[in-house]
Amino acid sequence: MNPGLTAMRPATIFLVALSLSIGWGIRGNFGHEYGAMIPGALAGLAVALLSGREDWRARAPYLAFFGALGWAFGGSMSYMQVVSYTHSGHLPSQIYGFFGVFVLGFLWAAMGGAGTAFGAIADRARLAEVFRPLCWIFIAWVIFKKFVLHELETLFPEGYDPTWSRQAAHTYWFDADWMETTTAILALLLFELWDNRWDHFRRGRAIVLLPLCIAAGALLGYGAQAVLNTTGAAPHAAAALVQYQVSPEFVARAAEERGLAEAEVLADQLINWPNAVLFFPHHVGWFVGALVGLGLYFFRYGRFASGASLFMHMALGWFACFLLFPVLLGHPIESGPTLFRMTPPRGDNWAGVLGVVVGTGVWLLRNGYVPVLFGMLLTGILGGVGFAGGALIKLMLVRPGNPHVEIDPAIIAQWEHWQRANWHSVMEQTHGFLHGVALAIAMGLLARRTSRNDGVPAEARWTAAFAAAFVLFGVTYLNMYKNVLEWVKNDLMPEAMPMPLFGAIQLSAWGWFNLIFAAAAIAGIALLWRHQRAPIDLVPRSALGRGQMLYVAFLAAVCVMNFERALTGFTDQRLITEGMIFLNATLATVLILILPRPGFQPPEHGQIRYGDTLLRTAWGGLVAVLITAFGMTAIVRAMYGGNFAGHANQQFRFGDEAVWRIEPTEKSGRHS
């Protein structure tokens with residue numbers, strides 16, 4: 001059977017969507033990037049197994065791995081405040097809310113689609129080589145999280161809370177992942193020095209020229225700042241580039257209410273740069289100059305081979321869009337922050353993810369991966385509509401008996417139990433399902449429009465084991481360890497426990513968890529390594545069987561992990577979350593074992609040129625965002641009029657009651 005027809009079957013689309021929905025519901029309990037890896041891995045596996053293509057089935061671990069990484073990017077974005085705009089009853093905020101939800105959904109799904117498509121379509125050499133620089137990035141992040149970040153926190157004032165007081169840190173910058181992105185760039189620079197060490201270290205280039213470039217840049221930057229200070233132009237430059245993220249009305253009102261001078265209130269406000277700029281303004285010039293010198297050296301001599309170029313495009317794109325939109329174009333104006341601050345006073349990681357999407361797209365075009373770019377765009381557009389559609393469906397479902405609109409007490413009482421349901425979880429699982437539909441359609445089209453891909457070279461087979469181990473043990477661990485925090489917090493587990501039989505040896509709850517999980521992970525990785533050299537009979541011989549085994553094992557692990565987390569505070573409202581997840585997982589397990597059909601080897605050459613297709617897809621995206629912003633707002637207005645819909649905080653993006661205007665995040669306050 002044609003793989004495109006197999007991949008586009010309604011049952012195939014349903015199971016891919018169901019897989020992503022299950023993972024999305026679980027993601028809601030764990031949150032952020034680590035949680036978002038779960039739906040990406042499940043959906044990537046489902047795509048591979050149901051595609052009808054033997055070459056994609058052989059790459060099932062890669063689709064799971066890169067799918068997990070692709071969908072993880074969206075986990076860094078704040079979106080509930082944007083969703084709350086759609087509930088507000090305020091027409092400008094509702095239009096902007098549906099527009100913002102579309103943009104966030106597009107960005108989330110675009111990277112998820114790009115990761116999944118790259119795992120399926122990339123040529124075998126490229127697929128294998130990206131693992132080396134990626135490992136350097138992973139190691140750098142571990143070092144940063146475990147050592148560097150810990151040392152930074154020791155510099156913070158006593159009583160500093162990394163969650164609720166994070167805005168007081170010197171490194172706070174729009175609640176964005178700029179330090180993680182910087183760490184990735186540094187890892188890539190070190191990888192470049194190692195990977196291309198012959199060119200960098202011959203004639204002492206990296207030993208002499210690199211420090212010289214950094215020193216020269218620092219000297220020029222220091223000199224430029226000295227000139228600005230001497231000529232009196234420094235205050236004007238600072239006024240043009242540094243803006244406090246607060247309205248003048250709030251400063252005046254707060255000063256009067258608190259009995260403080262306006263300057264004291266202003267000193268407690270955030271700016272559009274890291275807080276360190278205010279504490280160390282005299283170091284800005286040489287520091288920026290040193291960065292420029294470093295960049296010029298690697299721009300001239302860096303090769304960034306072995307796949308490192310992809311990640312450098314993504315990281316530099318992150319900074320380019322982040323600096324352009326919320327930092328430089330997001331200055332407050334009389335009516336409020338410009339549209340380039342999507343959720344003030346919340347974080348603006350959306351701009352960084354936009355940069356990652358742009359950087360990835362540029363790299364794909366430069367390297368001839370136009371089909372992957374098509375998959376990224378189509379998944380993003382359909383995912384944007386689906387993300388906004390999830391919010392709309394929730395608003396439609398909570399309309400019956402809604403106490404904010406209904407005036408008849410009898411009807412309100414009749415629908416009270418309905419209104420008490422966990423509608424946020426319904427929306428989350430709907431988001432996941434519609435994202436899955438978007439991914440299934442895009443990958444289904446690619447399944448019949450792309451040529452056959454061979455497996456990775458023999459010397460790079462370790463990457464398949466790495467991908468499988470990362471999904472089974474890495475993604476699971478990064479989320480499961482959060483359960484220990486919940487158990488200890490709810491007094492269900494002691495914070496520290498002695499070793500059986502040897503009471504003198506005592507470890508924390510996290511220490512015991514790490515020890516036991518590490519034993520299981522080491523055993524599993526050793527078996528994966530052993531299987532590559534001498535097949536283990538338990539592991540199926542077919543690519544389809546191995547993929548099914550990975551899918552079922554990972555699904556079971558994350559479902560149990562999710563139930564463990566919810567058990568500490570289980571109520572009837574959790575039935576619609578954990579209950580539905582378990583039932584859906586049962587159905588998905590059955591379907592993943594019976595739906596795949598005999599594999600088909602696609603032709604050696606693709607069947608379509610993507611130039612016109614990309615252009616039509618882009619135009620379709622513009623139409624989709626307009627229909628989403630105005631059409632969905634019209635539907636909500638028809639149901640609720642100008643009334644607040646409830647089931648979210650009533651927040652406005654515009655007007656006198658806009659959140660940024662009345663509740664700015666202050667350094668001495670509590671971060672939302």
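Biologist: So a cavity is a set of points on a 1 Å grid over the protein atoms alone where a 1.4 Å probe fits but cannot get out; how many cavities of 30 Å³ or more turn up in the whole structure?

Modeller: The search finds three of them. Bear in mind that this is a predicted model, in which local features need pLDDT of at least 70 and side-chain atom pairs pLDDT 80 or more, while totals for chains, interfaces and linings use all residues. Residues are numbered from 1 along each chain as its sequence is written, and side-chain values use heavy atoms, without hydrogens or water.

Biologist: What volume does the largest cavity have?

Modeller: About 110 Å³, taken as the space filled by probe spheres set on grid points joined across faces, edges and corners.

Biologist: And which residues lie nearest its centre?

Modeller: F174, Q245, L270, R341 and P345 do, out of 13 residues that line the largest cavity (an atom within 4 Å of a point). That lining divides into seven nonpolar, three polar and three charged residues.

Biologist: Switching topic, how do α20 and α28 run relative to each other?

Modeller: The axes of helix α20 (residues 370-397) and helix α28 (residues 611-640) come within 10 Å and cross at roughly 5 degrees, so the two helices count as roughly parallel (under 35 degrees).

Biologist: Which residues meet there?

Modeller: Among them are V370, L373, F374 and L377 in α20, and T613, L614, T617 and G621 in α28, with contact meaning heavy atoms within 4.5 Å. The residues of this contact of α20 with α28 comprise 18 nonpolar, five polar and no charged, with Gly counted as polar.

Methods
Axes fitted to C-alpha atoms, helices over the stretch in contact; angles between N-to-C directions. Helix = DSSP H or I, 4+ residues; strand = E, 2+ residues; numbered from the N terminus. Parallel < 35°, antiparallel > 145°, perpendicular 65-115°, else oblique. 1 Å grid on protein atoms, 1.4 Å probe; cavity = no way out; pocket = protein on both sides within 12 Å on 5 of 7 lines; lining within 4 Å.
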